[in-house]
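Hi everyone, thanks for coming. I'd like to walk you through a model today, so please have a look at the screen.

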Amino acid sequence: MIDTDDMLVARLAHGDLGALDTIVSRHQDALVRITRVVTGNDALANDAAQEAFVRLWRNPQAFVGGTLRAWLITVARNVALNELRAARRRTARHDRAATRPASDPALKVAGADRLAQVRAFIDTLPEAERTALVLFAVEGMSQHEIARVLATSEGAVKQAVLSARKKIRERFGDSP
Amino acid sequence: MPENDPIDELVRQSISHAPGAVPGLAGRVRLRAQSESATRRKARLAWVRAAVSVAAAAAVIVFVVLYVDFTPPAKPETASGNEAPKPASNRAPAPLPANQPRKPAPETAPEAPEGLPPAEQDTPAPQPEPESQPEPEPQPQPKGEVVEKPQPETEPKPEAPPAQPPTEAPKAAERVVLAVVPPGARLNVMQGGNWREAKEGDEIAGGTPLQARRGYVDLQLGGGELLRFDGQITPSLHEGALLIELAEKSLYADNLGLSRRLLVRCNGIEGACAGASVFTAVRGGMKAACLEGEVRIDGEAVQRGTERRATDRGVRVASEYKPDALVTGAPARVIARYEMDGNTDLYNEGERLEDGVAVSDSKPWYIGFRHAPTLAVLPGMRVRMRWRCTGADRIDLEQFLADDTLFKVVFKPEKDGAWLVSEFKLSEVPARDNAGRRLQAGELLRNFKLHHNGTRLELDWVEFVRVQD
């Protein structure tokens, strides 16, 4: 029988490292992909994912209902955004120009495959839009769940997803 | 909101093709979890210990309150309960009132150190005897630093025996000179709690805080390490290692090939370098980048060309490191320098010393000298020399290895009869018998020769340096 996330979290409360291993292997890839969408940075995404798992280990009681993946994404996203803000403050003086997004990322990756171009374009969308879209389209989360992750209303989530879709459609057309 | 928008499929495909977590993520999470568990256990133990200590102290207090007679000695008859009356002076826990002037004992018997309640001495353990000086001084006269004046302090100080003669100052900590301030260094040193501008030639002792006044400060220590920093550091020797406390900004350190360990500490994080690295103070921790050799931070390895950040939350995954002016502007680190002043191990096969330069103006038409047997090729190593030649159109620079393999580069003097400084990367000097072979890091150098076909060759100095490319 495969343990559910709820069962695994319950085992965490008893210091079961095996349960933690299972949770990590089950969610790490998705968590890193989503966090990468948020941050646009591999290292930061991995760090934030790591921090989310450790926080779950430290205090499993903090997970109160809902899906574990949504909870982990919420924590990792918050960690990543905090770190991103701090990093921007630190580096703003030195390489302000370097942190500015490219004006046309699609051109920047010209020659790369279409999916990479789409990914690069998604990186240029506002954080709330790209995260909402990815959570909706890739993770299959409901508007309600996304609203909880983003700490916003369902209406705002809907607006963000529609706006992101529109921009992608304008750039790449309709066909996948 | 439409559930099956074609854009969603496009997004799904593009995101799903992105790589997932790095391979070691699960392991790192596990390590941190284990570490947190251990910390939690320790914290619990500490609480248990504290609780036990508090309980024991409470028990002692209860015992003292219940069973100890605090009655003043003048009124022994007031003792009550089932305790037999005892002389109060044997048990009184309170020390002498601190502000009460202490009268000197007229007896010659040794006196307890100041502030120590005499009644508390239950064992006649040999105590330092402040009054055991040969001069019997029955009067309470001040005796300089030896005898303390009666001070209103309650802390007994039995551990301060006046064993040293009063005239002998406390022995200062051993002073180790780590470096000498080089010309042009814009450096402040901490002296007596204040920053002062360092002058060329000033000695830098271990434990002295150093601060870059402007830009970067380059220091090559006596041990051979090259340091370049733009903030504040404190170098010192610690258990045979060079320990650098990094207080702010960044430090570039190069100790590649040296045996002395180099440790850097900042915000409670320790890094180690056996190569070339950049350490940067960050909020709550430190970053370490590896340029060459082996670099670790908080016990974790940092791969060449990457940097990692460590805080009390752990060590982050590596990210690419791009050197900035701290590294690209770093001076060459001198590995070995040969002045033609009689200390260099010359061949003496025709060359001679003349006014501080080696001269070859007869057969066998070269100047040669031997290296120390431990001189090994390092990545980024170069040979530099100041020389002058007359009437030559060909110079052969030869470098032999310990196994007699000859590496050689031939060049033409740019100017006849003028002093020139030339530099060659060792990695670009080919073997004589195999043009495809180059000097490799780790190979031991044995001797150096400079041939010419002119009438006179002069060599002022030769140095082997390392430049971080």
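Let me begin with a question: in which sense do β11(B) and strand β12 of chain B pair, and over how many bridges? They pair in the antiparallel sense, over five bridges. Strands here are DSSP runs of E with at least two residues, helices are runs of H or I with at least four, and both are numbered from the N terminus. Two strands pair if DSSP finds at least two bridges between them.

Before I go on, a word on what you are looking at. This is a predicted model, where local features need pLDDT of at least 70, side-chain atom pairs count only at pLDDT 80 or more, and totals for chains, interfaces and linings use all residues. Residues are numbered from 1 along each chain as its sequence is written, while chains are lettered from A and ligands numbered from 1 in the order in which they are written.

Back to our hairpin. Between β11(B) and β12(B) there are two residues, and N267(B) in the turn has a positive phi of about 50°. V264(B) stands opposite G271(B) in β12(B). β9(B) and β11(B) run parallel, joined by four bridges.

By buried I mean 20 or more other C-beta atoms within 10 Å of the residue's own; 12 or fewer is exposed, anything in between is partly exposed, and C-beta atoms are placed from the backbone.

V264(B) turns up again in the largest nonpolar core, which has 73 residues. Such a core is a set of buried Ala, Val, Leu, Ile, Met, Phe, Trp, Tyr and Cys residues joined through C-beta atoms within 7 Å. Among the residues with the most contacts inside this core are V264(B), A253(B) and F279(B). The core draws at least three residues from each of domain 1 (177-328) and domain 2 (333-466) of chain B, with bounds that come from an automatic or database domain assignment. If you click on A253(B), you'll find that the residues it touches include L262(B), V264(B) and F279(B), leaving out residues up to four places away in sequence. Touching, or being in contact, means that the C-beta atoms, placed from the backbone, lie within 7 Å. There is also a second, separate core of 54 residues, which includes L12(A), V37(A), V79(A) and A21(B).

That brings in the other chain. Chain A has ten helices and zero strands, whereas chain B has three helices and 27 strands. Of the 176 residues of chain A, 38% count as buried; for the 469 residues of chain B, the figure is 26%.

How many residues of each chain meet at the interface? 39 residues of chain A are in contact with 31 residues of chain B. α2(A) gives the most to chain A's side, with eleven residues. That side divides into 22 nonpolar, six polar and eleven charged residues. For that count, Ala, Val, Leu, Ile, Met, Phe, Trp, Tyr, Cys and Pro are nonpolar, Asp, Glu, Lys and Arg are charged, and the others, Gly among them, are polar.

A few backbone details in chain B are worth a look. The peptide bond from K363(B) to P364(B) is cis, with omega near 5°, and P364(B) sits in the loop between β20 (357-360) and β21 (366-370). E239(B), in the loop between β8 (232-238) and β9, has a phi near 50°, a positive value in a residue other than glycine. Is E239(B) buried or exposed? E239(B) is exposed, because 7 other C-beta atoms lie within 10 Å.

Finally, confidence. pLDDT is the predictor's confidence in each residue, from 0 to 100. Chain B averages 78, and 75% of its residues score at least 70. Over residues 74-173 of chain B, though, pLDDT stays under 50. The model as a whole scores ipTM 0.75 and pTM 0.49.

Notes
Contact = placed C-beta atoms within 7 Å.
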